[in-house]
Amino acid sequence: MIHSFAKHPLLLLTLLCFVFSSCSARTVKIGDICSKHNNPSICNAIILSVPGANQGVDIDSVSLYLINMAHVNAFDTITLISEIIGNSSDPQTNQRYSSCTMDYTDVLLALTQAKESYSSGNYGDMNSNGAVVTKDVKDCDTKAYDSSQIRNNNQYLADFSMIIMILADFLAGKY
Ligand SMILES: *[C@@H]1O[C@H](CO)[C@@H](O)[C@H](O)[C@H]1NC(C)=O
């Protein structure tokens, strides 16, 4: 297999492009991304946590990685919310947190759509999907006023989604 690919450099290149979906590798400095974020230092820390990130990052692979990470975070928060509901016997509390679960179900959907938008090159949609995530976690925040843990998670995810929106704008060629 490797043999025949090696004989066809173009085919090999096409395969690599497909696998990493980053052929037009667009490298951007982290500082240029995070200067557009409302919390540049958190933005820096989040992007630097991506394996292989240093001062410059490939915006394609970073976008995909961060969308996946946001998805995992959202899923963990849903688990935490279920635990709060399971621990509480107060109907009003349970109602508030059930409503947060619905916000987060919408977050998962928006992140799935962000990934699809990214894959199909609809960067405008990818930006809108990020905005939906921001709105959903804000909605949950108003109901989760008595859980600092959930509110921290909400803030973290809002920070993530702002990066995803900025990356979408870079991918769309706005910067
Ligand atoms: C739920 O209750 C258990 C047992 O008291 C406790 O260990 C856990 O931290 C609680 N979880 C939350 C999210 O409050």
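Core, helix packing and ligand shell

The largest nonpolar core has 39 residues, of which Ile-67, Ala-70, Leu-111, Ile-163, Ile-164 and Leu-167 touch the most other members. Such a core is a set of buried Ala, Val, Leu, Ile, Met, Phe, Trp, Tyr and Cys residues joined through C-beta atoms within 7 Å. Buried means 20 or more other C-beta atoms within 10 Å of the residue's own, exposed 12 or fewer, and partly exposed in between, with C-beta atoms placed from the backbone. At least two core residues come from each of α3 (30-34), α4 (40-48), α5 (59-87), α6 (91-119), α7 (123-143) and α8 (148-171). α8 gives the largest share, twelve residues. Helices (H or I, at least four residues) and strands (E, at least two) are DSSP runs, numbered from the N terminus.

This is a predicted model: local features need pLDDT of at least 70, side-chain atom pairs count only at pLDDT 80 or more, and totals for chains, interfaces and linings use all residues. Residues are numbered from 1 along each chain as its sequence is written.

Beyond its neighbours within four places in sequence, Ile-164 is in contact (C-beta atoms, placed from the backbone, within 7 Å) with Ser-63, Leu-66, Ile-67, Ala-70, Ala-114 and Gly-130.

Pro-51 lies in the loop between α4 and β2 (56-58). Pro-51 counts as exposed because it has 6 C-beta neighbours inside 10 Å. Its C-alpha atom is separated by 9.1 Å from that of Val-62, eleven residues apart along the chain.

The ligand is surrounded by Leu-80, Glu-83, Ile-84 and Asn-87, where near means a C-beta atom, placed from the backbone, within 6 Å.

Conventions: Contact = placed C-beta atoms within 7 Å.
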